[in-house]
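Colleague: I am new to reading models of this kind. Please take me through the features one at a time, with the general idea before the case.

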Amino acid sequence: DLDISILKSFPYLGLEINNVIIADQSSDTLLTTAKLNIKLNLKKLIFSKLHDLEINQLILDKPRLFLKVDSSGSFNFSKIIKEKSDPSYNAYTLNLKLEKVLINSVILSHVDLSSDPYSVYLENVNTKAFGKINSNELKLEFINAFDQFTYISENITYLKQVKGSWEGDLIYMFDSGDWLINNIKIGLNTLKTRVNGDIQSGQGILKFDLDVHIPENTISDLIS
């Protein structure tokens, strides 16, 4: 279901797509969303010969994101990213600017079945972000608020349905799949806990540099 609006919003182009599903080559679902709404600067895109795209507003309503690392360490989203060795990789360059991103009522699951298995679940996440994308990387500044955060490792639930917020700066490299989230500020309201620092993933290895401040909680508060 696609709705396109040009005349009433010129020089902006409005797009609205309902019931979006993104899957990998194995037909495993990566992302679904009830509604995708985009407002972009059509004039700037045309005058740049289709190389500069400015999205003034991007709204995702009720998306569901399924992240998974299998037992061999393979990340499911890496299957849809082209390798630099692909001859068509540099055939076209698009610089994308995101002025405003709103993501409403997200449900996210991240299951890692590699050497140190763990699961992370986030529900009712609301996100505001802005940033830039080119052929090499994605850069975003974001603010999240979530109602339910659950963390499970080695079949032990350490955190269950905790409410809080999370903000930071994301850099994602398309060629390698490496990413960095810095200037992290996480608040777990129920536990009166604050986390600051960086998280980095390079060559399949996660590195954490976090400062955790727990003023009053006892151990029994942290383990469900």
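Colleague: In what pattern do the elements follow along the sequence of the protein chain?

Modeller: Helices (H or I, at least four residues) and strands (E, at least two) are DSSP runs, numbered from the N terminus. Here the protein chain reads β-β-β-α-β-β-β-β-β-β-β-β-β-α, which comes to 2 helices and 12 strands. This is a predicted model, in which local features need pLDDT of at least 70, side-chain atom pairs count only at pLDDT 80 or more, and totals for chains, interfaces and linings use all residues. Residues are numbered from 1 along each chain as its sequence is written, and side-chain values use heavy atoms, with hydrogens and water left out.

Colleague: Which strands does β4 pair with, and in what sense?

Modeller: Two strands pair if DSSP finds at least two bridges between them. Strand β3 (residues 29-41) and strand β4 (residues 52-61) run antiparallel and are joined by 6 bridges. Within that pairing, lysine 35 has aspartate 61 as its bridge partner in β4. With strand β6 (residues 95-112), β4 pairs in the parallel sense, over 8 bridges. There, leucine 60 has isoleucine 103 as its bridge partner in β6.

Colleague: How many salt bridges does the structure hold?

Modeller: Side chains of opposite charge can pair when their charged atoms come close. The term salt bridge is used for a side-chain nitrogen of Lys or Arg within 4 Å of a carboxyl oxygen of Asp or Glu. The structure holds 3 salt bridges. One of them is between glutamate 16 and lysine 35, whose closest N and O atoms are 3.9 Å apart. Glutamate 16 lies in strand β2 (residues 12-23) and lysine 35 in strand β3, so the pair ties together parts that are 19 residues apart in sequence.

Colleague: Is glutamate 16 buried or partly exposed?

Modeller: Buried means under 20% relative accessible area, exposed over 50%, and partly exposed in between (1.4 Å probe, protein chains only). Glutamate 16 has a relative accessible area of 24%, so it is partly exposed. Lysine 35, at 33%, counts as partly exposed. For the protein chain, 34% of the 224 residues count as buried.

Colleague: Which residue forms a salt bridge with lysine 44?

Modeller: Lysine 44 forms one with glutamate 54, and the closest N and O atoms are 3.1 Å apart. This pair links distant parts of the chain, with lysine 44 in helix α1 (residues 42-47) and glutamate 54 in strand β4, 10 residues apart. Lysine 44 is partly exposed, because its relative accessibility is 38%. Glutamate 54 is buried, because its relative accessible area is 9%. Another salt bridge joins the side chains of glutamate 137 and lysine 139, at 3.5 Å from N to O. Glutamate 137 counts as buried at 19%, and lysine 139 is partly exposed at 41%.

Colleague: What does the side chain of asparagine 144 make a polar contact with?

Modeller: A polar contact is a pair of N or O atoms within 3.5 Å; within protein, one must be able to donate a hydrogen and the other to accept it, and residues adjacent in sequence count only if both atoms are side-chain atoms. The side chain of asparagine 144 makes one with the side chain of threonine 127, at 2.3 Å. Asparagine 144 sits in strand β8 (residues 137-153) and is buried, with a relative accessible area of 9%. Elsewhere, aspartate 24 lies in the loop between β2 and β3. Its side chain reaches the backbone nitrogen of aspartate 28 at 2.9 Å, and aspartate 24 is buried at 7% relative accessible area.

Colleague: Which residues does leucine 138 touch?

Modeller: Contact means heavy atoms within 4.5 Å. Not counting residues up to four places away in sequence, leucine 138 touches Lys132, Ile133, Leu170, Ile171, Tyr172 and Phe174. Leucine 138 has its place in strand β8 and counts as buried, at 15% relative accessibility. In the protein chain, among contacts between residues at least 6 apart in sequence, 49% join residues at least 24 apart.
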